[in-house]
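Please look over the following notes with the coordinates open beside you. They begin with the overall fold and then turn to backbone details.

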Amino acid sequence: MAIILRLDRVMADRKMSLNELAAKVGIANVNLSKLKNGKVTAIRFSTLNSICEVLKCQPGDILEFKSDIDEENK
């Protein structure tokens with residue numbers, strides 16, 4: 001997949017635990033864990049919005065696009 005999740009890095013920068021972020025965002029720990037570990041294929045904009053509000057970041061701080069085509073040409 002070409003989208004890379006950097007949620008773990010942003011959480012570490014903010015010194016915020018998974019449990020703390022899940023509570024503040026209002027989602028289950030297991031769902032946030034799947035998101036953090038890249039085990040999801042979609043995220044609701046409302047969830048992304050809440051995560052960005054709590055972490056005081058931009059969506060681009062959490063999500064990165066890396067083209068599969070670029071990787072094939074290396």
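1. Which pattern does the chain follow when read along the sequence? The order is β-α-α-α-α-α-β-α, and the tally is six helices and two strands, where helices (H or I, at least four residues) and strands (E, at least two) are DSSP runs numbered from the N terminus.

2. The model is predicted, with local features needing pLDDT of at least 70 and side-chain atom pairs pLDDT 80 or more, whereas totals for chains, interfaces and linings use all residues. Residues are numbered from 1 along each chain as its sequence is written, and side-chain values use heavy atoms, with hydrogens and water left out.

3. Taken along the principal axes, the box filled by the C-alpha atoms is roughly 40 × 20 × 20 Å. Of the contacts (heavy atoms within 4.5 Å) with a separation of 6 or more, 63% join residues 24 or more positions apart.

4. Among the 74 residues of the chain, 26% are buried, a class defined as under 20% relative accessible area, with exposed meaning over 50% and partly exposed lying in between (1.4 Å probe, protein chains only).

5. Lysine 15, in the loop between α1 (7–13) and α2 (18–25), has a positive phi near 55° although it is not a glycine. Lysine 15 counts as exposed because its relative accessibility is 73%.

6. Lysine 56 sits in the loop between α4 (45–55) and α5 (59–62), and this non-glycine residue likewise shows a positive phi, of about 55°. With 70% relative accessibility, lysine 56 is therefore classed as exposed.
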